[in-house]
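The following exercises concern a single protein chain.

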Amino acid sequence: MNWRAMTPADLPAVSTIAAEVHPDFPEDEAVFAERLRLYPAGCHVLAGGDGVAAYAISHPWPALSCPPLNALVDALPADATSYYIHDVALSRAVRGAGHASAIVAALAGHARSIGCAAMSLVAVNGSAGFWSRHGFTQAKAPSLATKLASYGDDALFMTRALA
Ligand SMILES: CC(C)(COP(=O)(O)OP(=O)(O)OC[C@H]1O[C@@H](n2cnc3c(N)ncnc32)[C@H](O)[C@@H]1OP(=O)(O)O)[C@@H](O)C(=O)NCCC(=O)NCCS
């Protein structure tokens, strides 16, 4: 299986994986479609003979900020100096093989290449340990409390500086 650029034809499979992996945080396919339209360079799928088994969605975004869950953003803000990982989600069958780590490294390389000073994300599903391994640490930003609440009680906003 290999990571490749996401295309609009992948969106139904992305939605299926999202529903399987994030039953508590449903997002409309329109949200994935919008991010792909706004920033295709940040959208990837892990695909092989059996089809799409994982996806990664990411885009530039302002520092210490996150979009609300399951919301259209219309456009990427002009002050998008950081790089936001919307989601990296793998079907259970393909976890534990390094695919997630590979795409996180690729996203970090891309973010650096476009001049972003940091990356950020909202860790859910007990994934903070995975993100810690990739250099992310929790950032407490009171201004984020309301938006963060839409991601559930255990959601953590995490950031990583890019050298
Ligand atoms: C989190 C997720 C992307 C990790 O995928 P993965 O296939 O296990 O990742 P990798 O194979 O690249 O694992 C890399 C390492 O991180 C570790 N790891 C994975 N998940 C972890 C977790 N939740 N906490 C601590 N360590 C974790 C692995 O054990 C592995 O360790 P190793 O290198 O010593 O063997 C995957 O479990 C997933 O898709 N989860 C559901 C969706 C989700 O919650 N995504 C994050 C949304 S913020």
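## Exercise 1: Overall form

The protein chain has 163 residues and a radius of gyration of 15 Å, which agrees with the value near 15 Å that a compact globule would have. The radius is taken over C-alpha atoms, and the globule rule is 2.2 Å times the number of residues to the power 0.38. This is a predicted model, in which local features need pLDDT of at least 70, side-chain atom pairs count only at pLDDT 80 or more, and totals for chains, interfaces and linings use all residues. Residues are numbered from 1 along each chain as its sequence is written, and side-chain values use heavy atoms, with hydrogens and water left out.

**Solution.** 

Step 1. Along the principal axes, the C-alpha atoms fill a box of roughly 45 × 30 × 30 Å.

Step 2. The secondary structure consists of 5 helices and 7 strands. Helices (H or I, at least four residues) and strands (E, at least two) are DSSP runs, numbered from the N terminus. Their order from the N terminus on is β-α-α-β-β-β-α-β-α-β-α-β.

Step 3. Of the 163 residues, 49% count as buried. Buried means under 20% relative accessible area, exposed over 50%, and partly exposed in between (1.4 Å probe, protein chains only).

Step 4. A contact requires heavy atoms within 4.5 Å. Among contacts between residues at least 6 apart in sequence, 72% join residues at least 24 apart.

Step 5. The mean positions of the 10 positive and 13 negative charges lie 10 Å apart. Lys and Arg count as positive and Asp and Glu as negative, whereas His and the chain ends are not counted. The place of a charge is NZ of Lys, CZ of Arg, CG of Asp or CD of Glu.

## Exercise 2: Salt bridges

**Task.** How many salt bridges does the rule give, and what is the accessibility of the residues that form them?

**Solution.** 

Step 1. A salt bridge is a side-chain nitrogen of Lys or Arg within 4 Å of a carboxyl oxygen of Asp or Glu. The count by this rule is 3.

Step 2. Arg-4 and Asp-10 form a salt bridge with an N to O distance of 2.8 Å. Arg-4 is partly exposed, at 35% relative accessible area, whereas Asp-10 is buried, at 7%.

Step 3. Arg-92 pairs with Glu-20 at 4.0 Å, N to O. Arg-92 is in the loop between strand S4 (82-90) and helix H3 (99-113), and Glu-20 is in helix H1 (residues 11-21), so this pair ties together parts that are 72 residues apart in sequence. Arg-92 counts as exposed at 54% relative accessibility, and Glu-20 as partly exposed at 36%.

Step 4. Glu-34 and Arg-35 meet in a salt bridge at 2.8 Å, N to O. Both Glu-34 and Arg-35 are buried.

## Exercise 3: Positive phi angles

**Task.** What are the phi values of Asp-74 and Asn-125, and is each residue buried, partly exposed or exposed?

**Solution.** 

Step 1. Most residues other than glycine have a negative phi.

Step 2. Asp-74 has a positive phi, near 70 degrees. Asp-74 is in the loop between S3 and S4 and is exposed, at 61% relative accessible area.

Step 3. Asn-125 has a positive phi near 60 degrees. Asn-125 lies in the loop between strand S5 (118-123) and H4 and is partly exposed, at 43%.
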